[in-house]
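Please look over the sequence and the structure shown below, and then follow the explanation one step at a time.

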Amino acid sequence: MNAPAITILSFGRFERGFLEKISEVVMQEYNCTVTIKEAHVDISEYYDPVRRQYNGNKLLNEVASLNIAGNSKTIGLFSVDLFIPILTFIFGQAQLGGRSAIASQYRLSNERYGMPVDENLLLQRFAKEVIHELGHTLGLIHCHTPTCVMRSSTYVEDIDQKEAQLCAKCRDELIKI
Amino acid sequence: MEKKISILIVDDEESVRESLNLWFTEDGYRVECAENAKQALSILESDVFDIILTDLKMPGMDGLELLQRIKTLNKDSIIIVMTAFATVDTAVRALKEGAFDYVTKPFDPDDLSHLIRNATKQISLAQENETLKKRVDSLESVEDLIGKSEAIKLVLKEVESVAPTNSSVIITGESGTGKELVARAIHANSLRKFYPLVSVHCGALTESLLESELFGHEKGAFTGALYNRKGRFEMADSGTIFLDEIATISQKMQVELLRVLETKRFMRVGGNKEISSDFRVICATNRDLKGMVEKGTFREDLYYRLNVMNIHVPPLRERIEDIPLLVDYFIKKYCTSMNKPLITIEPAALKRIIGYQFPGNIRELENMIERAIVVGSGKKIVLKDLPFGKDTIDSSVESLDDFEKAFILQILNKYSWNISRTAHALKVDRVTLYNKIKKYGLKA
């Protein structure tokens, strides 16, 4: 397949240079151009006061509706807690084989689980999550290989178990797609 | 290609349908959605789903009613009920109506993964169970009873007629004739085929060991009884117990056995609780039980209890027309198990086998072929691969001349018709050997 052009759309506040590092990892993995843009969108309307979380389905639709021209894939990155109605939380989600995805760093930081701050680990986790969701937009489904980035992850420990790369099988699959 | 597990999601909330659809599609499942029970039923009329995930509270027909309707359409579907209004009552009702599980919205992502993993495990177990049942059905287990002789046909006919009944059976026949195979065939063709066939070789156990083996024992019943142990009668519950070499059991065991057969109740050794077990008894012996009854060494009442049906398995020498078929069968069996290319048997070797008396019956023939496949190296089993040594007397030998002829031929074959070596082995001179070859018309 042709190398996709990817846009990282920032919806949150991230440490200086954080998204640039994420984009480098994504660029290496998918061998593509990655552009970082700021999204000037008020996301408060997607806040659910009962659940005190942001509706992931609606945010995904918002990202898709922004219709970033000239790019085949767009991923919206957040620093708020995301949910979908049926699940208590999500790290991210994507349109399978579509153009848009979202991911949040909210539940990926060590301090949220009473552990010492580890910026490097947060970067690794978020990069894996971004590569994972972009993989879905490229048509990949969950993989059973333990170290593959496309393996489904429910908890941060699951993310730590896998690598930031596609396994050989998923890479072959990507070529076929 | 592996078939994708299919999931039907039934929920009136669009966001729930969308979320679950996305979640399961990413996991590689085939997903369809319905916004109410009516639509779900219409989809189910033309399609079958492995898992149906339905909301409990929906306008019109609710999840419980849908569950009942689905069970009439496709009883094998796994139904998981989900609701935001969880109460113990509805959960219990859903499970009673046949739901596989019950979950409360919103789920923890891990719960959802576990739920589906358990459901798919259940599906694969059900499929495996179905496959195994079909395999057991097709086994019939008479496949090892090889032969086209009238004698074996009669055995097969008797097996067929006695198998579906619950009657006790005594299988008689010489050692090595395949009495256990007949017992297996009876069990495999009976209504008890999905339950165990438990074999006990009575002759191999002392009286006390046999007692503990048959009835089980409680912890501490005797030295070495470190644990409670189920006996063979208990293990054979709903199935069949096969008591081989029944004639070897002691008078005391005969009394015990008779009581168990009459009541189907017994106590473990050292136990004080009566255990009941529903089993069918098949016995086997190579002795003349009737003669033993007459001599008073086998109880008459036990004999008649066991001898409801008697199947006699003929010795191999009475069904020699089956030998070529059996030889072929064992060649295939052992070549396959030893991962060797399929071989054949040369006519001379087969003729030699057919002429043999086989005191050890089929067991001896089987061992002979197994050995020939192990020691042989060619594409055919030849005479020298067979264990007919000097001490083996051909059944066709009826006179001293016949014996001499067969023996000289055997040694000639052994030394590939090298006259000098054969003469040396026979401790005669070459001229004498030539004269014998001429006398008996022997040819290479």
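What percentage of the 444 residues in chain B is made up of buried residues? In this predicted model, buried residues account for 32% of the 444 residues in chain B. The chain is built with 18 helices and 16 strands, and among its contacts between residues at least 6 apart in sequence, 68% join residues that are at least 24 apart.

With this overall picture in place, the backbone itself can be followed into some of the loops. Most residues other than glycine have a negative phi, and most peptide bonds are trans. Against that background, the bond that joins Lys105(B) and Pro106(B) is a cis peptide bond, with an omega of about -10 degrees. Pro106(B) is found in the loop that runs between strand 5 (101-104) and helix 5 (109-139) of chain B.

Asn339(B) sits in the loop between helix 13 (323-337) and strand 15 (344-345) of chain B. Because 12 or fewer other C-beta atoms within 10 Å make a residue exposed, Asn339(B), which has 6 of them within that distance, is exposed.

Lys427(B), another residue other than glycine, likewise has a positive phi, with a value near 60 degrees, and belongs to the loop between helix 17 (419-426) and helix 18 (430-440) of chain B. Is Lys427(B) buried or exposed? With 7 other C-beta atoms within 10 Å, Lys427(B) is exposed.

Definitions and conventions: Residues numbered from 1 in each chain as written. Chains lettered and ligands numbered in written order. Predicted model: local features only at pLDDT ≥ 70, side-chain atom pairs only at ≥ 80, totals over all residues. Helix = DSSP H or I, 4+ residues; strand = E, 2+ residues; numbered from the N terminus. Buried ≥ 20, exposed ≤ 12 C-beta atoms within 10 Å, placed from the backbone. Contact = placed C-beta atoms within 7 Å.
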